Amino acid sequence: MNKIASFTVDHIHLLPGLYVSRKDYVGAEIITTFDIRMTRPNNEPVMNTAEVHTIEHLGATFLRNHAEYGSRIIYFGPMGCRTGFYLLLAGDYESKDIVPLMKEMFAFIRDFRGEVPGALPRDCGNYLDMNLPMANWLADRYLREVLDNISEERLNYPA
């Protein structure tokens with residue numbers, strides 16, 4: 001079997017950042033998959049499932065309700081390794097194109113207080129596995145350390 005695209009990325013030198021993971025065609029439409037890498041793989045602790053789950057609920061809610069991008073959102077969800085998230089957008093994009101959207105989303109997550117959307121037994125299969133304070137903290141860290149002054153090395157995968 002061929003290695004899938006995400007397994008060909010050099011995870012030893014990969015920094016937290018915002019990367020184009022791949023581009024696929026569905027008919028004539030391009031789907032861009034983004035790698036929203038929040039922690040450094042194999043170098044720092046991964047995120048716990050509770051905060052990942054909370055970021056997933058808040059991020060998906062924010063994105064699907066976004067005035068400009070809402071109709072282009074295909075998927076937002078966690079990586080199995082718990083070092084980040086994937087975002088699939090209808091359209092042909094580069095990482096730099098969505099930095100403003102990601103800043104908005106992570107500010108929303110950082111500042112969110114109250115009931116997490118979908119965190120009820122009728123809405124979610126594991127509604128008790130949530131950690132809003134840690135999700136707020138991780139969103140703040142990603143904004144400050146990655147998005148606020150993002151560099152080319154955090155927009156393009158290491159060679």
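Predicted model: local features only at pLDDT ≥ 70, side-chain atom pairs only at ≥ 80, totals over all residues.
Asn-42 counts as exposed, with a relative accessibility of 74%. Asn-42 sits in the loop that runs between strand 2 and helix 1. Check its backbone too: phi is positive there, at about 60 degrees, even though Asn-42 is not a glycine.

Arg-82 is not a glycine either, and its phi is positive, near 65 degrees. You'll find Arg-82 in the loop between strand 3 (73–78) and strand 4 (84–90). How exposed is Arg-82? Its relative accessible area is 30%, so it counts as partly exposed.

Now let's go inside, starting with helix 3. This helix covers residues 132–147, and its buried residues are Leu-132, Ala-135, Asn-136, Leu-138, Ala-139, Arg-141, Tyr-142, Leu-143, Val-146 and Leu-147. To make sense of a list like that, remember that an α-helix has 3.6 residues a turn, so residues three or four places apart point the same way.

Next, how do the helices pack? Take helix 2 against helix 3. Their axes come within 7 Å and cross at roughly 150 degrees. An angle over 145 degrees counts as roughly antiparallel, and that is therefore how helix 2 and helix 3 run relative to each other. Their crossing is left-handed. On the helix 2 side, the residues that meet helix 3 are Val-99, Met-102, Lys-103, Phe-106, Ala-107, Ile-109 and Arg-110. Facing them from helix 3 are Ala-135, Asn-136, Ala-139, Asp-140, Tyr-142, Leu-143 and Leu-147. Sorted by class, the residues of this contact come to 10 nonpolar, 1 polar and 3 charged.

Helix 1 also meets helix 2. Here the axes come within 10 Å and cross at roughly 130 degrees, and the two helices are therefore oblique to each other. Helix 1 passes helix 2 in a right-handed crossing. Helix 1 brings Ile-55, Leu-58, Gly-59, Phe-62 and Leu-63 to this contact, while helix 2 brings Leu-101, Met-102, Glu-104, Met-105, Phe-108 and Ile-109. That gives 9 nonpolar, 1 polar and 1 charged residues.

That leaves helix 1 against helix 3. What is the angle between the axes of helix 1 and helix 3? They cross at roughly 75 degrees and come within 8 Å, and the pair is therefore roughly perpendicular. Glu-51, Thr-54, Ile-55 and Leu-58 of helix 1 make this contact with Leu-132, Met-134, Ala-135 and Leu-138 of helix 3. The classes here are 6 nonpolar, 1 polar and 1 charged.

Follow the chain past the helices and you reach Leu-155, in the segment after helix 3. Is Leu-155 buried or exposed? With a relative accessible area of 10%, it is buried. Leu-155 and Val-20 are 135 residues apart along the chain, but their C-alpha atoms are separated by 7.8 Å. Leaving out neighbours within four places in sequence, the contacts of Leu-155 are Leu-18, Tyr-19, Ser-95, Lys-96, Val-99 and Ile-150.

Finally, go to Arg-37 in strand 2. It carries a charged side chain, and it is buried, with a relative accessible area of 2%. Which residues does Arg-37 touch, not counting those up to four places away in sequence? They are His-11, Leu-14, Leu-15, Pro-16, Gly-17, Tyr-19, Met-79, Cys-81, Thr-83, Gly-84 and Tyr-142. With one of these, Thr-83, Arg-37 makes a side-chain to side-chain polar contact of 2.7 Å. Another, Tyr-142, takes you back to the buried residues of helix 3. Ala-67, by contrast, is 30 residues from Arg-37 in sequence and 25 Å from it in space, C-alpha to C-alpha.

Definitions and conventions: Residues numbered from 1 in each chain as written. Heavy atoms only, no water. Buried < 20%, exposed > 50% of the residue type's maximum accessible area, 1.4 Å probe, protein only. Helix = DSSP H or I, 4+ residues; strand = E, 2+ residues; numbered from the N terminus. Axes fitted to C-alpha atoms, helices over the stretch in contact; angles between N-to-C directions. Parallel < 35°, antiparallel > 145°, perpendicular 65-115°, else oblique. Left-handed = near helix turned anticlockwise from the far one by under 90°. Contact = heavy atoms within 4.5 Å. Polar contact = N/O pair within 3.5 Å; in protein donor to acceptor, adjacent residues only side chain to side chain.
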